[in-house]
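Visitor: Hi, I'm new to this one. Can you walk me through the aromatic rings?
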Amino acid sequence: MNEEPRLVHQTITAETGARVENVFQASITLIQNITHGIHPYFPDYGSRIGSFIEHLSGSRNSIGFWGREEDLRTLDNWLNSPSAPPYLLLAAPAGRGKSALLVQWLIRLLKRDPELPIVFVPVSLRYDTASRAVFFAALAAQLAYLFREQIPTGLIQNPDALQEKVSEYLRQPPPKGRLLIILDGLDEATDWEIGPYLFCPSPPEGLRVVVSARYLAGESGPEGWLNRLGWENYRVLDLKPLTREGVAEALRSIPPPLDELGRRAEIVNELYHLSEEGEPLLVRLYLDALSKKVNELREKSGAAVSLRPEDLHSLIPDLKSYFEQWLDDQYKQWRERGEGEPLNKPNVVEVLNLLAAALAPLTRWDLEDIGGLKSLELKDAIRFLKRLVIGDGEKQGYTFSHPGLRRYFWENLSPNERDRLEKRFLGWGLGWVQRLCRGEATLREISPHLPYLVHALGNHLERSNAKPEDWLYLVDKTWAEAIKTLTNSYELFIRDVERAWRASSRVNRERIERDEPPSYLGAEIRCALVKASLARKYQK
C-alpha cells in the first residue's frame, strides 16, 4: 500500500470514528435524560430502556440513520404548531423503522431544545419492557420526576396504583407549560392493552402524546388503534417505504469507497428494486451485506466505481437471523399471554403456509376456499398471527406485516412442501377459471376470488414453469371480460397472453432443435391473433 492510499484510509477511519463517537455521545445524553427519573425506583427498568435507545441510535455501528428527513420535519411541525391536535399516531407495518425514527427525533429535539420535558417508554419484547408492570412503572417514574414528586413506597410494586397515578399526571397542566410523551411499540404489549382509560379527551394545554404501533391482522388502516386509544382529536403519520433518494442517502452513509455507490443512479435503482421498493429493513440488510466487502474492496483502487447493478444480486441479505429473533420475541409474547405454542396448531400452520406461498394478499374467502377452513377456524388462526399478518381479509387481503417474512417462511419450507403448495394454488386458481369459461360458474360466484386470480395466477404459473396447456386456460374471451370487469382494462389479460405465447414458443423452439414437429404452433398463432384483436380494439 503506497503512502497516499494509507493517508486516505486514515482519514476515512477518523471520519467514521468521529461520526460514531458523536452518535454515541448523543445517545448517552438521551439515555441520561430519559432514565434519570426511573433509576431511583426501578434501576433495572432504566437499564433496559437505555439499552433500547443505544441500539436504535446507531451508536454501535458506522451505518447511520437515513431517508427520513421529511418525516422528522412532519413530527417537528406537529410539535411546534399551537393549532395541531394533541395526539399523534405513528402507524406502519413491521420493519419500517418507527422506533428508529422516534429515537432519532428525540436526539434531535434534545440538541435543539434541551429544556423540553420528555417522557419515553418503549414497549419491547426484546428488551423486556413489554409487561404492564414495567410499562406503568417506567411511565409513572418519569412523570413523577418531571412533576417534582416522589412515588409513594406503597405504589412502587402496584401496577394498578401506578396506572391510576399516570392518569392523574396526564390530566394536570404539564411542567413548564409543555410535555412530550412518546409511547413506542404498543403492539408488543404482553399482559395488557392500551385503552381510553389512559388519555383525556381534552388534554391540558401543552401536552403532546405520540403513540407508535404496527398494523395488526383484521385491520386495513389506523382505525383499529384509534379505537383502542379512544382518541378524537389526533393526527396520523403513516410511515412509508424509503424513496429512491432515501436509498441513495443510505448508500452514501456507508464508509468510503462504497459511499460513491449512492451517487450512481443505476446502483440506487437496483437496490431500490431489490429492497421491495425501499423497505427500510431490507435496505439495511443489503447494506450490511455490502459493507462486508469493504475490506476487500478498500485495497483495490476504484472498486466502488467498478461495481455493476447486477452484482447486487449476489448479495444475500441476512433475513434468517433477523426474523428468527423476531419469532423468538413473538413466542415470548404468546407465552406471557398464556397462548401456548400456536405454531403447533394445524390451522395456524395452514394459514401461515398459504400466506407464504401466496403472491398477492389473500381474502378470507380465498383462505377458506383454498385451505378448506371454516370461518371460525380462520378467525382463530389469524388471532394468533395478528402481529405477523396485516389486513382485514375483506377490504384489504391478509399478507405478512413485512414482505421479508413471506420470503423467510417460504424459504424455510422444504422443496416438497413448496411444490405441494404451488400445485394447490394452481389447481384452485385454474379450476375457477375453467369453470367460469365453461359456464359452470358465474362471474358473481368467482368475484370473491377474482382480485387474487387476476393479479397472481399468472405469477404462480410462471413460478412453477408451467406447461403451455396450463397457460392457455387464461387465453379465453370469457376470462378477458372478467379481468376487464375488475380492472376496467385488458392490460393484465394481454400480459398473460404474452406469457402464454412465450411458453408455447419456447417449447416449439426446443422441439425444432431436436428435429421434432412444433406441438404448440397452433397455440402460438392463437395467442398472436388474440393480441392483434385486442390491439385493434384499443385503436378504435
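Visitor: Which ring does the charged end of Arg-435 sit over?
Guide: That would be the ring of Trp-432, with the charged end 4.5 Å from the ring centre. Keep in mind that this is a predicted model.
Visitor: Okay, and what about Arg-463, which ring face does that one lie over?
Guide: Arg-463 lies over the face of Trp-410, and the distance to the ring centre is 4.2 Å.
Visitor: Let's switch to rings pairing with rings. How many aromatic pairs are there in the whole structure?
Guide: A search turns up 15 aromatic pairs. One of them is Phe-400 with Phe-409, a stacked pair with 5.3 Å centre to centre and 20° between the planes.
Visitor: Why does Phe-400 count as buried?
Guide: Because its relative accessibility is 4%, and buried means under 20%. Phe-409 is buried too, with a relative accessible area of 11%.
Visitor: Are they buried or exposed?
Guide: Phe-425 is buried, with a relative accessible area of 1%. Tyr-452 counts as buried as well, at 3% relative accessibility.
Visitor: Last one: which residues do ring pairs link into a cluster?
Guide: Tyr-41, Phe-42 and Tyr-45 are joined that way.

Conventions. Residues are numbered from 1 along each chain as its sequence is written. This is a predicted model: local features need pLDDT of at least 70, side-chain atom pairs count only at pLDDT 80 or more; totals for chains, interfaces and linings use all residues. Side-chain values use heavy atoms; hydrogens and water are left out. Rings of Phe, Tyr and Trp (its six-membered ring) pair if their centres lie within 6.5 Å; planes under 30 degrees apart count as stacked, over 60 as edge-to-face and the rest as tilted. Buried means under 20% relative accessible area, exposed over 50%, partly exposed in between (1.4 Å probe, protein chains only). A charge sits over a ring if NZ of Lys or CZ of Arg is within 6 Å of the ring centre and within 35 degrees of the ring normal.
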